[in-house]
Amino acid sequence: MKSQTEDERKRDPSEGPHMYDAIVIGAGPAGLQAALTLGRMHRSTLLLDSGEYRNGTVRHMHNVVANDGTPPAEFRATARAQLAEYSDVAIRDVGAQTVTAIDGGHSVMLADGDAVDARHVILATGVADDLPSVPGLQELWGTKAFSCPFCDGHEHAGRSIGILGPAPRAEHLIGLLGRIVSDITVFPVEATFTADEARTLEELGARVSPEPVTAVAPDADGVRVTTASTEHSVAGVFVAAASLRHRAPFADQLGLQMLPSGSIEVDDFGRTSLPGVYAAGDLAHRASLPGPMASVLLAAAAGQMAAVGVIQSLMTP
């Protein structure tokens, strides 16, 4: 396969080739790593950054080796500064609206009305958390209300926490957080727990509120959790009732094979059911896993593998 000439590699990225080797949609950890891997292999790449991120409200990311405690915005800024050193990688601060198949690749319609083409597309748009309808919860999300014990559990070591949501997921969170925090109170959302559910949670060492949560609000350095007749002060709350949805409509647009978890099915190299389309990050996983594994490192690793898959495909005559 003919490689790019030195002049082609030095082309101003803002001009872009007629058809990129790859367009990466999404500039979180998965998309940033995919673009870096493609750039280091001198593959013409366009990275699209909509400016919307799942961790947009998070002050510090954790459980990321060499970056534990780094603000996500700082992480993204560093990644983009490093990508600027690769002349084969162009970055545009614009979202994508549609992805359609064309002869030899795919065309991506951008939110600004422009259209760009590529031989391959990597979907890295991630997911969004749909929270239960608890007044005040959205305002605390990512700062005092969380979902991931691996990401935010340690910061509550030796302190009291609340868990909001149904019993089965609450049981799982108690198992993970019980050895870290001092005590746990579980609050149902909307409907009260059954007697059996309450007994099981109590046997795991948690206190159980007999009334559903009606509101949450900041309280000094913690959270005030309100029910119909009581108020509780905790250091933070973990939400067991959130659900995930794709941030972008591309899986439906392209008719990609989906998994029971609601994620895009991919193979080890991020390949989806549609040739030329790859997916990486929280919106996709292999069928051998029960669901997406929300992690900065795992998302970046998936982005790298998807980029390797693209490179392998480009090497095939």
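These legends go with a set of close-up views of a predicted model.

**View 1. Helix α2 packs against helix α9.**
Two packed helices are described by the angle between their axes and the distance between the axes. Here, α2 covers residues 29–40 and α9 covers residues 296–315. Their axes sit 7 Å apart, at an angle of about 40°. If you follow α2 past α9, you're looking at a right-handed crossing. On the α2 side, the contact is made by Pro 29, Ala 30, Gln 33, Ala 34, Thr 37 and Leu 38. The α9 side brings in a list of residues that includes Val 296, Ala 299, Ala 300, Gly 303 and Gln 304. Further along α9, Ala 307, Val 308, Val 310 and Ile 311 also take part. What kinds of residues make up this contact, sorted by class? Eleven are nonpolar, four are polar and none is charged.

**View 2. Five strands line up in an open sheet.**
Strands of a sheet pair through backbone hydrogen bonds, either parallel or antiparallel. In this sheet the pairing is parallel, and the order reads β8-β15-β9-β10-β11. Which strands stand at the edges? They're β8 (145–146) and β11 (207–208), and each has a single partner strand, so one side of each is left without a neighbour in the sheet. Now zoom in on β9 (residues 160–164) and β15 (residues 236–239): four bridges join this parallel pair. To find your way around, look for Leu 164, which stands opposite Val 239 in β15.

**View 3. Three strands make an open antiparallel sheet.**
The order this time is β12-β13-β14. At the edges you'll find β12 (215–219) and β14 (231–234), each pairing on one side only. Neighbouring strands here are turned by 25° against each other on average, ignoring direction.

**View 4. A hairpin links β12 and β13.**
Five bridges join β12 to β13 (residues 222–226), and the two strands run antiparallel. Check the partners across the pair: Pro 218 has Val 223 of β13 as its bridge partner, while Val 216 stands opposite Val 225. How many residues lie between the strands of this hairpin? There are two, and Ala 220 takes a positive phi near 55° in the hairpin.

**View 5. One cavity turns up in the whole structure at 30 Å³ or more.**
Rolling a probe the size of a water molecule over the atoms shows where empty space is left. In this model, the largest cavity holds about 30 Å³ of space. Which residues line the largest cavity? They are Leu 123, Thr 125, His 246, Ala 248, Phe 250, Ala 251, Ile 264 and Leu 283. By class, that lining has six nonpolar residues, two polar ones and no charged ones.

Terms used
Residues are numbered from 1 along each chain as its sequence is written. This is a predicted model: local features need pLDDT of at least 70, side-chain atom pairs count only at pLDDT 80 or more; totals for chains, interfaces and linings use all residues. Side-chain values use heavy atoms; hydrogens and water are left out. Axes are lines fitted to C-alpha atoms, for helices over the stretch in contact, and angles run from 0 to 180 degrees between N-to-C directions. A crossing is left-handed if the near helix is turned anticlockwise from the far one by less than a right angle, and right-handed if clockwise. Contact means heavy atoms within 4.5 Å. Ala, Val, Leu, Ile, Met, Phe, Trp, Tyr, Cys and Pro count as nonpolar, Asp, Glu, Lys and Arg as charged, and the others, Gly among them, as polar. On a 1 Å grid over the protein atoms alone, a cavity is a set of points where a 1.4 Å probe fits but cannot get out, and a pocket is an open set with protein on both sides within 12 Å along at least five of seven lines; lining residues have an atom within 4 Å of a point. Grid points are joined across faces, edges and corners, and a volume is the space filled by probe spheres set on the points. Two strands pair if DSSP finds at least two bridges between them.
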